[in-house]
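Please read it with the structure open.

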Amino acid sequence: MSEDRKYDRVAYYPGCALEGTGHAYNRSTKAVGKALDLKLDEVKNWNCCGAMEVKNIDPKIQTYLSSRVMSIAANEMGHDVVMAPCNGCYHNLKKAEYDLAHDDGSKEVVDRLSTKAGHETYEAGQVETIHALDWIKDGIGEDGLKAKVKNSLQGIKIANYYGCMYTRPRHIFPEKDKGPGSDSTSEPHFMDDLLAAAGAENVDFPLKTACCGGAHTLSDSDISTKLVLNILEAAEAAGADVIATECPTCHTGLEMHQIRAEKRLGRKTTVKILYFTQLLGMALGLSARKVGVQENISDSRGFLKEKGLA
Amino acid sequence: MPIHEQSLIRPENIKTHDKLEIDGIDVSGHWSTFIESRVVTDYNEALEDEIAALPGGEYIHRCWQCGSCTNSCTVNAVNPDFNPRYWIYLIRTGMESELLRDKDIIWQCISCNKCTYACPRDVEPEGVMKATAHWLEKKGHTPKSPSIIFDELFAEQVIARGKIEESSIIRQFFKRTGQPLMQDWLVAMARGLLMKLPVGLMRRMGLAVLFRPRTSGWSKARAALEEYVEECEREQRRALGLGDGKPE
């Protein structure tokens, strides 16, 4: 069991979205950490990882931006694990790790930019980047979580939505697809496992890793609306009350385009959208307000009250 | 290599004649439909190399046309004309004029990476789509797409400050693309939020707009990144044979 305690104290990289539209995710992640006694040290003076946009100017700029975050965590704070709850941040740190280990050109640019920017360069292997899902799944486990549940999610039907960046492309996630104990890139299940441990009923949801069109949520809104509507309607058809999310871009995209689909296409859906950390937090006995439910665009307060969670 | 031959049966290439006799044989009407013969003389032999010189396009040469990319493509499911396999074929064979027929939709790739996940040859088609969209813009075939305008705004802010502040990006994006900020669905969303947000949170959000987040001690990183962006721009212009490689 000693292995299980490896995420007791990790470096925490919230990223820009968690200070803006995804603030409820930041709040609920910290609250869940506190309730589970998992300590978070925020990366000092962090910068944006490059999100989905900077790589389209030049991928190596994104590699540098992500490497700086890992460099601070490792070289200035002495951490060997960085936890990023945002799929975009998580993905970019993983991608930078892969490129620095496999591509000399990327390493040369990162070394050069780090020297000019006046900080130590990041060497591949200095830190392990994990998602908030790994953090809870491997840090506390389903049994550990079950023991702390005060307010079971029993009777809540959930469609677990993982999005694109948590699983694709496969080569940047070498720890996935390793069978039992690891997550899968084709059928991810860590969120299902955790919410089931908290008492929820997971529905059979075929669009777990479908794309919400997040990269073009504003620049090509019509396609994003269609993609989001697919996800919302599939979740409702599967019998879900709630879509659980693990990414601020997906989450906000689902919420915004749920409204846009109603306004522009006349297609109304009523499925609620909540971060998985909000659901876990409430299961751990935290109030809806503590996990930031009032900050969501999708208003689920009535529903949560009805289910005895708020 | 039959893929591009679909171009031969487009309506404008199909001919029927009301009254036509060849060597004494009547070939009029529907039963004697002709396909316009075509000779391609305008191959751009540099096309594949140019796409490969842009970030993301590096592995296009690996493609063996299995079609896994198009089969898995999120955008293709919405718009069947969005066909990465076909475009990769056209690029590799230098069929520039055929590629240009689809120039206005190539930027719509949403980077879901399903193609890259499915590709058995590690072509990384998502990168090829981005490289092709850049190529179209840099060569002047298309104006800047909303997507690249967004990417540039975002990158400018990250390079300048180290962090981004979402609401200012949204406002600037609507301004640069000439769209009104007061869209029915955005208004509905804002109204819904204002109804239930506590005063404390609204103050915090207001402060983020006034004092935009930034990474402290970022100035040296900023200078290094600005220099690097210029360097990339010069290299790309040189690879595409545009001027002497100096930025415009």
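The points below take the model first, then chain A, then chain B.

1. This is a predicted model: local features need pLDDT of at least 70, side-chain atom pairs count only at pLDDT 80 or more, and totals for chains, interfaces and linings use all residues. Residues are numbered from 1 along each chain as its sequence is written, chains are lettered from A and ligands numbered from 1 in the order in which they are written, and side-chain values use heavy atoms, with hydrogens and water left out.

2. Chain A has domain 1 (2–130) and domain 2 (150–306); such bounds come from an automatic or database domain assignment. Their C-alpha centres are 23 Å apart.

3. In chain A, 25 residues of domain 1 are in contact with 32 residues of domain 2 (heavy atoms within 4.5 Å). The two domains bury about 2,300 Å² (accessible area, 1.4 Å probe, lost on being put together, summed over both). Carbon and sulfur atoms give 67% of that area.

4. Two domains of chain A share 2 salt bridges (a side-chain nitrogen of Lys or Arg within 4 Å of a carboxyl oxygen of Asp or Glu). A:R27 forms a salt bridge with A:E295, with the closest N and O atoms 2.8 Å apart.

5. Chain B is assigned domain 1 (3–35), domain 2 (47–138) and domain 3 (146–239). The C-alpha centres of domains 1 and 2 of chain B lie 33 Å apart.

6. Between domains 1 and 2 of chain B, about 610 Å² is buried, 55% of it on carbon and sulfur atoms. B:R101 forms a salt bridge with B:E12, the closest N and O atoms being 3.5 Å apart.
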